[in-house]
Amino acid sequence: MLSTLCRRSARAVRWMVLIACATAVLPLQAQTATEKIAPPSSSAQRLYASAKKDLLQLRVLLRNGRSQSTTGSAFLLGEGNLAVTNYHVISQIALEPETYIGEYVDTDGKKGAVELIALDVLRDLAIVRVDRTGTGSFQLPDELPVLEQGEDLYSLGNPLDLGFAISEGTYNGISRRGFSDHLMFTGPLNPGMSGGPNITAAGDIAGVNVSHRRDGELVSFLVPARYLQQLVTLAQGQATPPADFKPIIGEQLLDYQQVMMDHLLSEPLTHKTLGPYQIPVRESEQLRCWGSSEDHTQENYTTDSIYCGMESVVFISGNLQTGRVSFDHQLISSKKDNPLRFSRLVSDSFSHQIWSSHRSEEVTAQQCTEEFVANDHLPMRAVLCASAYRKFAGLYNFTLLTITTDDPLMSVKSLYELRGISYDNGMAITRQLLNAVTRATDEAATAGETTGDKTTGSAAE
Amino acid sequence: MSHAFFVEILARNGDVKQRIPFHDLPIRIGRAYDNDIILDDPHTAAHHAVIETTEGGDVQIRSLESRNGIVYRRQRVPQQRLDDHTSVRLGHTTIRLRQRDFVVADELADSTNHQWEGWPPLLAGLVLIALQASFAHWLNQTGKTEWLEYLSEIATVAISMVFWSGAWALVTHLFSGQLRFGRHLFIAASGLILGELWSLLSSYLAFAFSLEFFTRYSTHFDTVVIAVVLFFHMVTVMPRRRWQWGVLTVLLAVGAMGLSVINSYQNTGRLAGELYMHDLMPPALRQSPDISIDTFMDQVQKMKAGLDEAQQEEIDPDELEEGAGPEDSPQQDE
């Protein structure tokens, strides 16, 4: 049913809502009880009672005035003084420690200072040190319990800054839509619960609350507990935290983009057919493609579009999401228009596709190269614009815009966006994309047609 | 019976405001009613000056009991010899004396095309407007031909041009007493056609020969077209000041271009109006060869140095736009 709910717009759609603090209120659903072991209420009661001592609310405050900017949740690990939360909860402390400061509030209302120790931007995890110790409710064993689809899970946290809460749901397998896995939790997660623990009925940590889909009902995501182990080991070995987290984030982003590019370039790009043209796409678990067709009969032309995009982004700050790739192809064709007039129509759709600002805090102004180029099969107009990340050296945004110039009454316009990649990778993929647009011989037009939609969620483990 | 002396009261720009003929000297000038020339200038005395013949036979103007006196070439003088080209100032009034034997300048050749006035340029202008409006509408519209749309397009353009030319005609009337509305309409319509043709030509040059310069700075070319139109309007208002109008329009055009460059630089950080060329034309018009992907990628590689330099730059925090990432991003619901 996912497809019917998804918007197939070519524009980037906001799929995931990180649930750091409150703005949107989603309807809460009563849980249907299908448990075999125990009635849900008593189970949740028992779990909350044992967990509440180690449950925290995290607040990011402005140093100046100490008003709160973001709230999220966290939990103490074992008997130590380290607590786990999401990176996006404390991103402001990591990026602007001179402006923001963190504090925790426990279930008894006691407050204390928070010190950032380690973070993992890609998995959206962070470890903070607090001035109290845990009671051992949340353990992270080396051998994690295997989850079964349909199993009950419980999320804890402080939704919408209203007070601590526990919510019930079920485990529904692994989502591989991003380059790091998420557990699918069919239960309510609300803003403010980010960073809170998600536990099994036995009290084992299943994951960390991270996001939910705004276009669905109770479609929530958890960061799997196995990603935590590595980070905790790192944090425990770290007596003094790094002075500046930006270089660390930069390194993590560079590693991430390499994984993303290896994936994109691991095999030759697949081709889809748009009219007589073959256009490159990469359809995979992470990159989903959608198609649409519009017949402007009155205006005498038709447009067919294929859009492929990642449904997940890497959150760095409120102003900067990165690590995203999208391909947007549009075939505009007319059967009987005048070529000059048709070229005007195409010009309109070719304009204003790339945007540049020289006043952005995050990226430099775009620099562009534009030429009429030809690969072995087709001539086209190509515009490549790139901008550099101001805070993270070595990372760039690439935007490639092409339009075929071989047919007076038909053009394929393609807009490829690659965010947060290295220059070499940007070059490599641009070269591949430019070479990949071809025109099929007319009789073979529909032969290589699409593989259709793959089924949505991947199988449970 | 002809007069011997003519006192001319001049306007600031040298034009004669008033010419008073006399048979003989002396001529007394001042505000009092017993003068030969009665001035209404409060900065002159009741008996300000007198124009008379000297013992040597010259003609001079001599100051009487006046506070402001006579000013010649910015210097106050008690008296001044007058010839045909000498003008002196009394208070706020500038006067000149000319005699009967003054030799006037040669007759100017009449460059005004008197046939091209009234209805003929008016109708020609309307035809040009109709052509331009229909062509622009045809070009930008796709699908079926709706004649009423063409008519409404033509009417819209024609009405705005009539208002524009009407304003110029009123200005002309102010200066020369005639409207010359047809002329102005023809000039405006020619400007429209010129602009349309230039837009096609510049798109063609950019597309056919990869000369992106022409579309990148298209606003400047538009400014030139507008300046030319303004020049012809001004010349129609005052045909004698051709040079002056020429200089004025060049200055205006340069100023407008400068402003647009500054504006563009402030808004986008670049001098050109657009980030990339979007004008496309039918592929058959392409003339220059397409470059290879390798060459293109070499050029892309060369951009890296510039980007890295920009990355290093510290930017003034006041210059920043909060949250102005190039991402049309998913707005964050934190």
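A:Tyr423, A:Met427, A:Thr430, A:Arg431, A:Leu434 and A:Asn435 in α7(A) meet B:Ile293, B:Phe296, B:Met297, B:Val300, B:Gln301 and B:Lys304 in α7(B). Two residues are in contact if their C-beta atoms, placed from the backbone, lie within 7 Å. By class, this contact has 7 nonpolar, 3 polar and 2 charged residues. Ala, Val, Leu, Ile, Met, Phe, Trp, Tyr, Cys and Pro count as nonpolar; Asp, Glu, Lys and Arg count as charged; the others, Gly among them, are polar.

This is a predicted model, in which local features need pLDDT of at least 70 and side-chain atom pairs count only at pLDDT 80 or more, while totals for chains, interfaces and linings use all residues. Residues are numbered from 1 along each chain as its sequence is written, and chains are lettered from A and ligands numbered from 1 in the order in which they are written.

Axes are lines fitted to C-alpha atoms, for helices over the stretch in contact, and angles run from 0 to 180 degrees between N-to-C directions. Angles under 35 degrees count as roughly parallel, over 145 as roughly antiparallel, 65 to 115 as roughly perpendicular and the rest as oblique.

## The wider contact between the chains

The contact takes 52 residues from chain B and 76 residues from chain A. On the side of chain B, α1, β12 (291-292) and α7 each give two or more residues. The largest share, 13 residues, comes from α7(B). By class, the side of chain B has 22 nonpolar, 17 polar and 13 charged residues.

Strands join in too. Strand β21 (residues 367-374) of chain A and β12(B) pair in the parallel sense over 2 bridges. Two strands pair if DSSP finds at least two bridges between them. A:Val373 has B:Ile291 as its bridge partner in β12(B).

## Helix packing inside chain B

Helix α1 (residues 119-140) and helix α2 (residues 147-176) of chain B have axes that come within 9 Å and cross at roughly 130 degrees. They are therefore oblique to each other. Their contact has 9 nonpolar, 3 polar and 2 charged residues.

Helix α2(B) also packs against helix α5 (residues 218-237) of chain B; the axes come within 9 Å and cross at roughly 30 degrees. That makes α2(B) roughly parallel to α5(B). B:Trp168, B:Val171, B:Thr172 and B:Phe175 in α2(B) meet B:His233, B:Thr236 and B:Val237 in α5(B). This contact has 4 nonpolar, 3 polar and no charged residues.

## Chain A and one of its loops

Chain A has 7 helices and 25 strands. Helices (H or I, at least four residues) and strands (E, at least two) are DSSP runs, numbered from the N terminus. Of the 461 residues in chain A, 49% are buried. A residue is buried if 20 or more other C-beta atoms lie within 10 Å of its own, exposed if 12 or fewer, and partly exposed in between; C-beta atoms are placed from the backbone.

A:Thr135 lies in the loop between β7 (125-130) and β8 (152-157) of chain A. A:Thr135 is partly exposed, with 14 other C-beta atoms within 10 Å. Leaving aside neighbours within four places in sequence, A:Thr135 is in contact with A:Lys53 and A:Asp54. A:Thr135 and A:Gly80 are 55 residues apart in sequence and 8.3 Å apart in space, C-alpha to C-alpha.
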